[in-house]
Amino acid sequence: MQTAIEYYFTCLSPYAYLGHHTFTAIAAEHHTAIEYKPIKLGKLFAVLGVLPVKQRPQVRQDYRLIELARWSKKRQLPLNLHPAFFPADPSLADKCTIALQQLGQDPAEFVAQMLAACWAKEQNIADVALIGQILTSLQLDANKIIAQASSDEIEAIYEANTATAIEKGLLGVPTYVYQSEPFWGQDRLELLADKLA
């Protein structure tokens, strides 16, 4: 395997949703491992002076919806532009991703289902019961993983991922970092593929 790709994201990001399957397919094609690094996006935004979506100028909000619709069509993925549970707290889902990786499990499908829950299925990704259902559907021990995700150890990793994203000067999520080179946004995935090639 080549040097792993560091995947900075949160389970609440629509662009992570739109790019996730393409990204994991690219990594697999190039026999490259993925290090999942969920972050606290609000902390990164605070450092960058980025406003939450609903506080941005209306023209920026409007253009965001145009772009999301375009990329939904391009990636052939269903996407609700106004999901019922947005924003929701992604912290437990994000920390379950970290826990899965710590336990030696591939989090790819769990992340895919959490992203789709918000952006395609009108589900609340902050709901512990939903997270448990998704873990169970993947033949995983939901109680064990949720307990691990709620530990101080996993919280410390979540904070460290966020601090690293800030230190690296990342601009948002998803960002894919390969050999110290950042690719910000799922619309840069083809450029990441070029780098891997």
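Biologist: How many aromatic pairs does the structure hold?

Modeller: This is a predicted model, and what follows should be read with that in mind. Ring pairs link Tyr-7, Phe-9, Phe-23, Tyr-36 and Tyr-176 into a cluster. Over the structure, the number of aromatic pairs is 7.

Biologist: Which residues have the most contacts inside the largest nonpolar core?

Modeller: The largest nonpolar core is made up of 54 residues. Helix α5, residues 108-119, gives the largest share of this core, with 9 residues. Apart from it lies another core of 9 residues, including Tyr-8, Leu-41, Phe-45 and Ala-165. Inside the largest core, the residues with the most contacts are Cys-96, Ile-131, Leu-135 and Leu-192.

Biologist: With which residues is Leu-192 in contact, leaving aside its neighbours within four places in sequence?

Modeller: Leu-192 is among the residues with the most contacts inside the largest nonpolar core. Once its neighbours within four places in sequence are set aside, its contacts are Ile-5, Phe-23, Tyr-176, Tyr-178 and Phe-183.

Biologist: Does Glu-6 count as buried or exposed?

Modeller: Glu-6 lies in strand β1, which runs over residues 2-9, and its side chain makes a polar contact of 2.9 Å with the side chain of Tyr-8. Not counting residues up to four places away in sequence, Glu-6 touches Glu-35, Lys-37, Lys-168, Thr-175, Tyr-176 and Val-177. The relative accessibility of Glu-6 is 18%, and the cut-off for this class is under 20%. Glu-6 therefore counts as buried.

Biologist: In the pairing of β3 and β4, what is the bridge partner of Val-177?

Modeller: Strand β3 covers residues 175-178 and strand β4 covers residues 181-184, and the two pair in the antiparallel sense over 4 bridges. Their hairpin has 2 residues between the strands, and Gln-179 in this hairpin takes a positive phi near 50°. Within β4, the bridge partner of Val-177 is Pro-182.

Biologist: How far apart are the end C-alpha atoms of helix α4?

Modeller: Helix α4 spans residues 91-102 and has 12 residues, so at 1.5 Å a residue it should span 16 Å. The model agrees with that expectation, because the end C-alpha atoms of α4 are apart by 16 Å.

Biologist: Where does Pro-174 lie, given that the peptide bond from Val-173 is cis?

Modeller: The bond from Val-173 to Pro-174 is cis, with omega near -5°. A cis peptide bond also joins Phe-86 and Pro-87, with omega about -5°, and Pro-87 lies in the loop between α3 and α4. As for Pro-174, its place is the loop between α8 and β3.

Biologist: What is the relative accessible area of Gln-139?

Modeller: Gln-139 lies in the loop between α6 and α7, and its phi is near 60°, a positive value in a residue other than glycine. In the loop between α3 and α4 lies Gln-76, which is not a glycine either and has a positive phi of about 55°. Gln-139 counts as exposed because its relative accessible area is 70%.

Technical notes. Residues are numbered from 1 along each chain as its sequence is written. This is a predicted model: local features need pLDDT of at least 70, side-chain atom pairs count only at pLDDT 80 or more; totals for chains, interfaces and linings use all residues. Side-chain values use heavy atoms; hydrogens and water are left out. Two strands pair if DSSP finds at least two bridges between them. Buried means under 20% relative accessible area, exposed over 50%, partly exposed in between (1.4 Å probe, protein chains only). A polar contact is a pair of N or O atoms within 3.5 Å; within protein, one must be able to donate a hydrogen and the other to accept it, and residues adjacent in sequence count only if both atoms are side-chain atoms. Contact means heavy atoms within 4.5 Å. A nonpolar core is a set of buried Ala, Val, Leu, Ile, Met, Phe, Trp, Tyr and Cys residues joined through side-chain atoms within 4.5 Å. Rings of Phe, Tyr and Trp (its six-membered ring) pair if their centres lie within 6.5 Å; planes under 30 degrees apart count as stacked, over 60 as edge-to-face and the rest as tilted. The expected span of a helix is 1.5 Å times one less than its number of residues.
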